[in-house]
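Try each task before reading its solution.

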Amino acid sequence: TRGTVTAFSPFDARADAEALRKAMKGMGTDEETILKILTSRNNSQRQEIASAFKTLFGRDLVDDLKSELTGKFETLMVSLMRPTYIFDAHALKHAIKGAGTNEKVLTEILASRTPEEVRRIKQVYQQEYEASLEDKITGETSGHFQRLLVVLLQANRDPDGGVDEALVEQDAQVLFRAGELKWGTDEEKFITILGTRSVSHLRRVFDKYMTISGFQIEETIDRETSGDLENLLLAVVKCIRSVPAYFAETLYYSMKGAGTDDDTLIRVMVSRSEIDLLDIRQELRKNFAKSLHQMIQKDTSGDYRKALLLLCGGDDD
């Protein structure tokens with residue numbers, strides 16, 4: 001794993017549960033203890049702590065965290081306590097709940113997760129909310145954006161294997177004819193090819209496309225599509241090229257300029273902390289000449305900042 005958070009050793013769930021109870025009992029809260037424990041244990045260890053907490057005190061750890069903490073710090077700590085797939089399912093549920101849909105969240109999660117992860121998220125969504133994720137998403141989205149989301153939800157991308165150069169050439173030509181060479185755009189061709197072909201195949205298609213057309217595939221998508229579909233197609237292309245680079249860009253823009261998109265910052269830091277946050281840090285340094293550590297330092301404050309910096313796991317200067 002290229003995560004910044006790994007299994008803590010020596011681990012004692014009971015001792016951690018007792019320390020957390022002590023930190024929240026009586027007057028005042030010891031935030032420092034809470035953030036140190038929760039950012040240095042991996043997700044499965046946090047689940048063991050929650051279980052020990054209930055066994056020892058008959059209390060729900062997440063409920064206690066919610067009543068003792070506030071604001072972005074509370075959101076971050078509660079997010080760390082969600083089991084991995086429940087975390088994604090919960091984010092998707094909130095993205096399609098109530099008035100207005102948060103297309104950004106749908107795009108980020110469904111473009112970046114592996115087919116296996118998407119299958120697990122769908123399962124967990126069904127168990128947790130007794131509803132089909134696909135039905136919920138199709139009810140809240142429309143047009144080609146909806147179609148590409150549905151293709152990604154099938155989680156049937158071809159497995160990586162040997163690359164067939166004749167098919168690479170064919171796909172690149174099809175995309176060229178569907179976009180640059182056509183008056184209007186045949187979005188369906190983009191959706192089918194980008195949504196179903198294997199990662200290694202598509203990387204070759206992007207190279208071939210550049211040779212044939214003189215354009216990067218991203219430039220064509222930018223010119224030929226717009227709105228939510230454009231954002232989703234670009235996210236899929238970026239994730240095919242490099243998932244860590246995609247998240248480095250996502251984090252960079254969550255903190256760039258005035259104000260911080262804390263929801264995105266928390267979502268990415270929590271969901272990638274055990275997978276590839278080290279690679280994301282490197283990509284951010286390489287592509288934006290910024291260190292994630294310094295951006296967090298500058299853009300956040302208080303216990304929220306302390307916890308994010310611990311998840312970040314160091315500086316790349």
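**Exercise 1. Find which residues aspartate 276 touches, not counting residues up to four places away in sequence, and decide whether aspartate 276 is buried or exposed.**

Step 1. Take contact to mean heavy atoms within 4.5 Å. With residues up to four places away in sequence left out, aspartate 276 touches Arg2, Gly3, Val243 and Pro244.

Step 2. Helices here are DSSP runs (H or I, at least four residues), numbered from the N terminus.

Step 3. Check accessibility, where buried means under 20% relative accessible area, exposed over 50% and partly exposed in between (1.4 Å probe, protein chains only). Aspartate 276 has 6% relative accessibility, so it counts as buried.

Step 4. Look for a polar partner, that is, a pair of N or O atoms within 3.5 Å; within protein, one must be able to donate a hydrogen and the other to accept it, and residues adjacent in sequence count only if both atoms are side-chain atoms. The side chain of arginine 272 makes such a contact with the side chain of aspartate 276, at 3.0 Å.

A word on the source: this is a predicted model, in which local features need pLDDT of at least 70 and side-chain atom pairs count only at pLDDT 80 or more, while totals for chains, interfaces and linings use all residues. Residues are numbered from 1 along each chain as its sequence is written, and side-chain values use heavy atoms, with hydrogens and water left out.

**Exercise 2. Describe the contact between domain 2 and domain 4.**

Step 1. Seven residues from domain 2 and ten residues from domain 4 take part in the contact.

Step 2. Work out the buried area, meaning the accessible area (1.4 Å probe) that two parts lose on being put together, summed over both. The two domains bury about 640 Å² between them, with 46% of it on carbon and sulfur atoms. On the domain 2 side, Lys104, Glu108 and Arg113 lose the most area to domain 4, together 65% of what that side buries.

Step 3. Count salt bridges, each a side-chain nitrogen of Lys or Arg within 4 Å of a carboxyl oxygen of Asp or Glu. There are two between these domains. Helix α7 (residues 103–112) gives the most to the side of domain 2 that touches domain 4, with five residues.

**Exercise 3. Which parts does the salt bridge of aspartate 261 and lysine 104 tie together?**

Step 1. The N to O distance between these two side chains is 2.6 Å, and the structure holds 25 salt bridges.

Step 2. Aspartate 261 lies in the loop between α16 (243–255) and α17, and lysine 104 in helix α7, so the pair ties together parts 157 residues apart in sequence.

Step 3. Aspartate 261 is partly exposed at 24% relative accessible area, and lysine 104 is partly exposed at 47%.

**Exercise 4. Where does methionine 295 lie, and which residues does methionine 295 touch, not counting residues up to four places away in sequence?**

Step 1. Methionine 295 belongs to helix α19 (residues 292–299).

Step 2. With a relative accessible area of 6%, methionine 295 is buried.

Step 3. Leaving out residues up to four places away in sequence, methionine 295 touches Tyr252, Met255, Lys256, Leu284 and Lys290.

Key:
Helix = DSSP H or I, 4+ residues; strand = E, 2+ residues; numbered from the N terminus.
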